[in-house]
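Work through the exercises below with the structure open. Each task is followed by a solution in steps.

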Amino acid sequence: MSSRQMLILVDENDVPTGQYEDKGECHFGEGLHHRAFVVVLENKNGEVLLQLRKHVRWDKFWDVTAISHVLHLKDHDETYEEAGLRSLRDEMGISGVTLSKIGGFNYFAKYHGHCENEYCAVLFGTYDGDHTENPDVVYETKWMKKETFLEDVEKNTDSYTPWCILAVKQLLKQIRSTKHEIRNNTK
């Protein structure tokens, strides 16, 4: 595969348009609306694995476990799970995780001449093993109690990427939905 990453262009409902564009082209000016995702891993202690980004866009901002784009490859378009597993391996040295899509959102954000114009899926998984962050893309990592993380994102929005803030809203929806289901099943 060439070093160029080809991204999948989508509409506001995450339906592919049948077009693909180079990653660099998708992130300048107003950008081109493309498919992306975040991965949130939680351990058995109720902690979320976070990373301090090392990237041209939102450098030195805290983010969820892994973040990237779904790629158009020579022989197929990646699924969200394939892309999420690739990103976990490349960014954190993690494998053997099962991921579930728990939601998604559209957003647009600018940063120092670059932009994000994406439909971003939120992928969730559980993981209790070791990880080795890639020093080319991650400054440092930390495990943070999920409740503390959710509160910190609301209080310190300047410390987190825009998509991390929006992903937290999806996590809160999932938590509320799960609590509602548990209450209904115990009645």
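Buried means under 20% relative accessible area, exposed over 50%, and partly exposed in between, with a 1.4 Å probe and protein chains only. The model is predicted: local features need pLDDT of at least 70, side-chain atom pairs count only at pLDDT 80 or more, and totals for chains, interfaces and linings use all residues. Residues are numbered from 1 along each chain as its sequence is written, and side-chain values use heavy atoms, with hydrogens and water left out.

**Exercise 1.** Classify arginine 57 as buried or exposed, and do likewise for glutamate 116.

Solution. Step 1: the relative accessibility of arginine 57 is 6%. This value is under 20%, so arginine 57 counts as buried. Step 2: glutamate 116 has a relative accessible area of 4% and is therefore buried.

**Exercise 2.** Find the salt-bridge partner of glutamate 116 and locate both residues in the chain.

Solution. Step 1: a salt bridge needs a side-chain nitrogen of Lys or Arg within 4 Å of a carboxyl oxygen of Asp or Glu. Step 2: arginine 57 pairs with glutamate 116, with 3.2 Å between the closest N and O atoms.

**Exercise 3.** Describe the salt bridge of aspartate 14.

Solution. Step 1: its partner is arginine 35, at 2.8 Å from N to O. Step 2: the two residues are 21 apart, with aspartate 14 in the loop between β1 (6-10) and β2 (16-22) and arginine 35 in strand β3. Step 3: both aspartate 14 and arginine 35 are buried.

Methods: Helix = DSSP H or I, 4+ residues; strand = E, 2+ residues; numbered from the N terminus.
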